[in-house]
Each structure stands twice: as C-alpha cells, then as structure tokens.
Amino acid sequence: MHVQEWLDTVPAAAVYAVVGLVIGLESLGIPLPGEIILVSAALLSSQHAGIDPLILGACASAGAVIGDSIGYAIGRKGGRPLLAWLGRKFPGHFSEGHVATAERSFQKWGMWAVFFGRFVALLRIFAGPLAGVLRMPYWKFLTANVLGGILWAGGTTAVIYYVGIVAESWLKRFSWLGLVAAVLVGLVSMLVLKRRARSALPGQSAAEPETVPATD
C-alpha cells in the first residue's frame, strides 16, 4: 500500500503522531523515510479537510527538533564508539566515508552544518549524533536545530500543501496533466533548496577544509 493511501486510512491525530514520530526517529539517527512521510502527509492535507497543515507542520517541526536533541545527547554520551557501532549496523548510511564527509562539514561550518544539514538526507540523519560526538556547544546546536527544523518541516509542508491545492484545481480541467505539472513544481522547489544546502557544505567539494577544533 502506498504511504499516502495508508495515511488516508487512519485518523488525523494518528497522521500527526506518525509524522512526528518518524521524523523524530530519523533525526535521532535511525535511517527512516522522514521526508517521504512528510511529503505524503502534506499532500494528503491538501485533499483531506480533517488534516490541518498548520498542526502537521508543527508536529513535523517538533519531531525534527526533539529527535535531533535526543541524538545530540546520545552522541555526546556514546562518543566515537557509537559511530563505529552505527557503521556496523547501518553501513550504507554510517560508513567511514560518510562519517568523514559529515565530520569535515561540521568541523568547518559548525552550527551551519546542522542548519543546512536538515535539507540533505545524509546529514539529516547525522546532525544530532555527530554534533554530540564532536561536543558542539549545546546552545549553538539548539539554535541551528530549531531554525533548520522549523524551516525544513514547515517549508516542506507549506510547499507540498499548496502544490496539492493547485493540482486539485488543475485536475478538474486538465486531468492528469495538471497533477504532473504541479508535482514537478514541488520537486523543483525541493531540489533547489537541497542544491543550495549542498553547495554550502564543504563535503561536496574536493578541497580539504581547514580543521577547527571543537570547544565546549
């Protein structure tokens, strides 16, 4: 069953809870399809009067911020042995190469890596635990975490919600052509945000960044 079809079968409160939980677990460091769940729920809210996009965006933002904060605490306590354990459990996501790339980003950009990392799938999983492992000052982490979480979750919800509204209007006149065009607009918007986020992170370039020691 498609994600959106499954979400359509459960009460609105359950949709809010599932979105917040999945995004929270992904932000905590568990590889889950948080973005797919959020996009599906946001599109559903544009077609389902019982699902409020404002509440949905708030639940997604809360899940992102809380999950990242728990991941930070776990990373700070577990240290590098935690990354080694995650690498054995999830080699596709926490391989040595991925960890090294994310670590270079954090060492050069600090809190901005947490902020922009919210828009990049790999760093979205890494941000909390790695910031804790590198002992980033918590106030810096929390500031970037809150701003990035709200902008990513709220922005994604808003864009997909309005794309869904437009698609529904077009479908009445242009059938599936309207849906294809509306979905393309949404995808292009998301890709532009992700491209800008990646361009701001040094891990995407070949040059080695200058290492800045982390301080408490």
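Tutor: Buried here means under 20% relative accessible area, exposed over 50% and partly exposed in between, with a 1.4 Å probe and protein chains only. Helices (H or I, at least four residues) and strands (E, at least two) are DSSP runs, numbered from the N terminus. The model is predicted: local features need pLDDT of at least 70, side-chain atom pairs count only at pLDDT 80 or more, and totals for chains, interfaces and linings use all residues. Residues are numbered from 1 along each chain as its sequence is written, and side-chain values use heavy atoms, with hydrogens and water left out.

Helix H5 covers residues 96-109, which makes 14 residues. From its first C-alpha to its last it reaches 20 Å, close to the 20 Å expected at 1.5 Å a residue, where the expected span is 1.5 Å times one less than the number of residues. Its buried residues are Val99, Ala102, Glu103, Ser105 and Phe106. They lie on the same side of H5, because they cover an arc of only 160 degrees around the axis, taken from the directions from the helix axis to the C-beta atoms. Glycine 110 follows H5 and has a positive phi, near 55 degrees.

Further along, ring pairs link Trp112, Phe115, Phe116 and Phe119 into a cluster. Rings of Phe, Tyr and Trp (its six-membered ring) pair if their centres lie within 6.5 Å; planes under 30 degrees apart count as stacked, over 60 as edge-to-face and the rest as tilted. The whole structure holds eight aromatic pairs. The pair of phenylalanine 115 and phenylalanine 116 is edge-to-face, because the ring centres are 5.2 Å apart and the planes stand at 85 degrees. Phenylalanine 115 counts as buried at 14% relative accessibility, whereas phenylalanine 116, with a relative accessible area of 24%, is partly exposed.
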